[in-house]
Amino acid sequence: MKNNPSKFKQVLRRIASVIRSIRYRNQPERIVAMGYDEMAGDYGNWALRHERPDRDKYTKLLIDNVPKGAKLLELGCGPGDPTTKTLAQHYAVTANDISESCLELAKKNAPNAKFILSDMTALDFAGETFDAVVAYYAFHHIPRDRYEPLIKQINKWLRPGGIFMAALYPYDIEDLVTEDWHGSTMYWSSFDEEKTLQLISAPGFKIIEQSKESAIEDGKETTFLWVIAQKYS
Ligand SMILES: C[S@@+](CC[C@H](N)C(=O)[O-])C[C@H]1O[C@@H](n2cnc3c(N)ncnc32)[C@H](O)[C@@H]1O
């Protein structure tokens, strides 16, 4: 993706990717964690260079609507710049990621946030712990069968009236493994727009904002579905 690797390197990468996807076929979260551990720095630099207008637009919407000092959980925070860093200037942030290397960078970028190294689908908090839960561009790395229980958990963790905001991949993708996401093997999984919205509404969320936002990433248009949902009071 970044450079133009030689044919030989491409073949080696393909072989390594196939081996990893077979070895961890029942543990896709290991593929994700290993991939981001390998390229956390590269991903972080890329995310800063390829700033998506939708990222800033929705961060601003959140800041305009969720009061300063609120308790916020960020799932899949990545290297923490620009998002965790900005959110931590406004909120009491607990940030999570499955990649240790991403969290090491995020700790430097947002030193006043709390961090939890974990698969987001294995997290647990008491009911009504947070005022807001956000996930920027991270859900498409979790298997489909974990979407529904995770969204139910998010609903439980939020206080009544609390906000869930996420940027999700609105595509029908099941257990896809690719060999070159920033040079590493990566796992992808998502639902189409209709099913995604249905899954979010189901546990007791009212969708108050939804929009498909496109941006050019490495010369290719990439679209995310942004959703802001409010837990019923
Ligand atoms: C595309 S990056 C987005 C990072 C950051 N949110 C941003 O806006 O740049 C996806 C992030 O989600 C994290 N992630 C993927 N699956 C995860 C899981 N099951 N639990 C926690 N974090 C996960 C990855 O490690 C990675 O940091």
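Tyr-137 is partly exposed, with 19 other C-beta atoms within 10 Å; by the criterion applied, with C-beta atoms placed from the backbone, a residue is buried if 20 or more other C-beta atoms lie within 10 Å of its own, exposed if 12 or fewer, and partly exposed in between. The model is predicted, and local features were required to have a pLDDT of at least 70, side-chain atom pairs a pLDDT of 80 or more, whereas totals for chains, interfaces and linings use all residues. Residue numbers start from 1 along each chain as its sequence is written.

Tyr-137 lies in the loop between strand E4 (130-136) and helix H6 (147-157), where helices (H or I, at least four residues) and strands (E, at least two) are DSSP runs numbered from the N terminus. Although not a glycine, Tyr-137 has a positive phi of about 55 degrees. A positive phi, near 55 degrees, is also found for His-182, which is placed in the loop between strand E6 (173-181) and strand E7 (184-190). His-182 counts as partly exposed, with 18 C-beta neighbours inside 10 Å. Most residues other than glycine have a negative phi, and most peptide bonds are trans. The peptide bond from Asp-81 to Pro-82 is cis, with omega near 15 degrees, and Pro-82 belongs to the loop between strand E1 (71-75) and helix H4 (83-87).

Seven strands, in the order E3-E2-E1-E4-E5-E9-E8, form an open sheet of mixed pairing; two strands pair if DSSP finds at least two bridges between them. E8 runs antiparallel to strand E9 (residues 220-231), to which twelve bridges join it; Ser-211 has Trp-226 in E9 as its bridge partner.

Helix H3 (residues 53-65) packs on the sheet and touches E4, strand E5 (158-168), E8 and E9, its direction making about 15 degrees with that of E9. Contacts require C-beta atoms, placed from the backbone, to lie within 7 Å, while axes are lines fitted to C-alpha atoms, for helices over the stretch in contact, and angles run from 0 to 180 degrees between N-to-C directions. Helix H7 (residues 193-201) also packs on the sheet, touching E5, E8 and E9, and its direction makes about 145 degrees with that of E8.

Conventions. Two residues are in contact if their C-beta atoms, placed from the backbone, lie within 7 Å.
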